[in-house]
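Welcome! Here is a guided look at a protein model, taken one region at a time. Keep the sequence and the 3D view open as you read.

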Amino acid sequence: MHDHRKLGRELELFGTDPLIGSGLPYWLPDGAAVRHALEEYVRTVERRAGYQHVYSPVLGKRELYEISGHWSHYRDDMFPPMEPGARGAGGEGSEQLVLRPSLCPHHAVIFRSRSRSHRELPLRMAELGGMYRSEPSGVLGGLTRVRAIQLNDAHVFCAPEQVGAEAGAALELIRRAYRALGITPARYRLSLPGPGGKYVASPELWRRSTALLARVLDDSGLPYEAVEGEAAFYGPKIDVQVADGAGRESTLSTVQVDFHQPERFDLHYVGADGARHRPVMVHRSIVGSVERAVAHLIEQHGGVFPAWLAPVQLEVLPVSDDQGAEAGEFARRCAELDLRARVSPPDRGSLGARIRAARLVPYQAVVGAREAAEGTVALRLRDGRRLDPLPAAEVLERVRGLVGAHRTDLWDAAP
Ligand SMILES: [Zn+2]
């Protein structure tokens with residue numbers, strides 16, 4: 001395992017500046033390419049799984065979080081309220097806005113923006129959205145402890161009898177994503193409330209939601225541990241834990257069952273019987289925050305990302321200046337197919353030196369005199385394999401197929 005802060009600097013993926021502030025990293029082009037590929041993957045698998053995407057603002061009135069319970073249970077982690085109207089209007093009674101600590105309240109409000117029928121359930125609402133956490137500056141660093149967070153979040157509003165299937169499907173999405181990302185979970189955890197007052201009180205609802213999640217884990221056949229004191233304030237959760245180089249665990253993905261916020265926001269739907277019923281909210285995140293996910297990917301892979309995530313997917317290497325035009329044309333065709341290619345011209349050094357400089361790039365496409373004349377490309381794979389020259393169109397087709405399928409292997413023996 002590697003230190004993502006050190007590698008992030010060396011590979012020019014992200015940076016920080018005291019003038020912007022600690023815990024507020026910026027993303028450089030290569031880091032942004034990884035992040036964009038990850039976000040696209042998440043949106044695609046969510047769309048295919050029947051999620052609908054929304055956007056909601058990163059701010060909300062204080063009352064919104066008073067209703068959700070964040071204000072009374074989570075205020076220490078929130079930035080203090082802003083009072084934009086205070087200048088003319090004067091303090092008392094003026095509007096207070098806070099940077100949101102989570103997306104759930106906004107999604108609950110969107111759900112109740114019109115009446116809902118049982119036919120719309122399960123209603124799966126997803127957003128890759130910003131949220132904020134007021135961390136003390138001493139604990140901030142790299143991408144793992146930040147004050148501005150981009151969360152891969154979703155809320156499934158469903159009937160009580162649909163909760164088990166929805167939570168199970170969410171867990172399956174997480175497992176599939178980990179396979180595509182090449183991430184190995186450290187363990188699965190059933191996070192339960194512990195002693196102390198930070199949880200909403202409702203023993204019967206805690207019992208029901210805990211039983212549901214335990215059932216999902218039992219049905220999945222995955223080994224897990226139940227741990228007290230790790231639940232959200234509104235309900236228990238399944239946490240997928242990953243470990244860093246020092247063996248420190250953190251939560252990347254979660255599935256939560258929540259009977260509390262539907263009550264607080266008075267959510268309901270019209271059932272088949274024509275009566276009003278209360279939905280349950282399943283909160284789930286496939287990759288957690290984009291920051292923490294990319295930090296873990298950097299540490300896990302040491303910069304050797306799966307091809308579909310790599311900042312540069314193909315390094316195009318003309319052997320001499322005579323092949324410059326063909327190399328440029330090949331890179332242009334890559335770009336047309338949404339493949340990230342970069343030409344490394346001979347003035348950067350010998351072919352061997354340029355190949356070594358591109359050792360993290362999954363595909364190195366060498367174009368010599370013979371390849372240029374025949375319209376072929378001699379492909380070298382990052383793992384050291386060297387392929388016989390193939391027609392450029394075939395290389396493009398096959399690389400695009402592997403990348404588009406989010407494969408972690410670099411090549412198929414047979415197309
Ligand atoms: Zn939520």
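Glu12 sits in the loop between α1 (4-10) and β1 (14-15). Helices here are DSSP runs of H or I with at least four residues, strands are DSSP runs of E with at least two, and both are numbered from the N terminus. Residue numbers start from 1 along each chain as its sequence is written. Please keep in mind that this is a predicted model: local features need pLDDT of at least 70, side-chain atom pairs count only at pLDDT 80 or more, and totals for chains, interfaces and linings use all residues.

What is the phi of Glu12 near? It is near 55°, a positive value in a residue other than glycine. Glu12 has 12 C-beta neighbours inside 10 Å, so it counts as exposed. The cut-offs work like this: a residue is buried if 20 or more other C-beta atoms lie within 10 Å of its own, exposed if 12 or fewer, and partly exposed in between, with C-beta atoms placed from the backbone. His406, in the segment after α14 (392-404), also has a positive phi, of about 55°, although it is not a glycine. Because His406 has 19 C-beta neighbours inside 10 Å, it counts as partly exposed.

## The protein as a whole

Now step back for the overall view. The protein has 14 helices and 19 strands, and its C-alpha atoms fill a box of roughly 75 × 50 × 40 Å along the principal axes. Of its 415 residues, 38% are buried. Among contacts with a separation of 6 or more, 72% are between residues 24 or more positions apart; a contact means that the C-beta atoms of two residues, placed from the backbone, lie within 7 Å.

Two strands count as paired if DSSP finds at least two bridges between them.

Val156 has Val282 in β14 as its bridge partner.

## Two packed helices

At what angle do α7 and α8 pack? Helix α7 (residues 163-181) and α8 pack at about 50°, with their axes 9 Å apart. That angle makes α7 oblique to α8, since angles under 35 degrees count as roughly parallel, over 145 as roughly antiparallel, 65 to 115 as roughly perpendicular and the rest as oblique. On the α7 side, the contact is made by Val163, Gly164, Ala167, Gly168 and Leu171. On the α8 side, Leu212, Leu213, Arg215, Val216, Asp219 and Ser220 take part.

## A helix and a strand that are largely enclosed

Helix α6 (residues 104-111) has 6 of its 8 residues buried, so it is largely enclosed by the rest of the structure. Those buried residues are Cys104, Pro105, His106, His107, Ala108 and Phe111. They pack against β4 (59-61), α3 (62-68), β6 (123-132), β7, α9 (260-264) and β14. In the loop between α6 and β6 you will find Pro122, and the peptide bond from Leu121 to Pro122 is cis, with omega near -5°.

Strand β15 (residues 314-318) is largely enclosed too, because 5 of its 5 residues are buried. Leu314, Val316 and Pro318 point one way from β15, while Glu315 and Leu317 point the other way.

## The sheet of 5 strands

β15 belongs to an open sheet of 5 strands in the order β16-β15-β17-β18-β19, with mixed pairing. β16 and β19 (390-391) stand at its edges with a single partner strand each, so one side of each lacks a neighbour in the sheet.

β15 and β16 (residues 341-343) run parallel and are joined by 3 bridges, with Val316 opposite Val343 in β16. β18 (residues 376-381) and β19 pair in the antiparallel sense over 2 bridges. There, Thr376 has Pro391 in β19 as its bridge partner.

Terms used:
Axes are lines fitted to C-alpha atoms, for helices over the stretch in contact, and angles run from 0 to 180 degrees between N-to-C directions.
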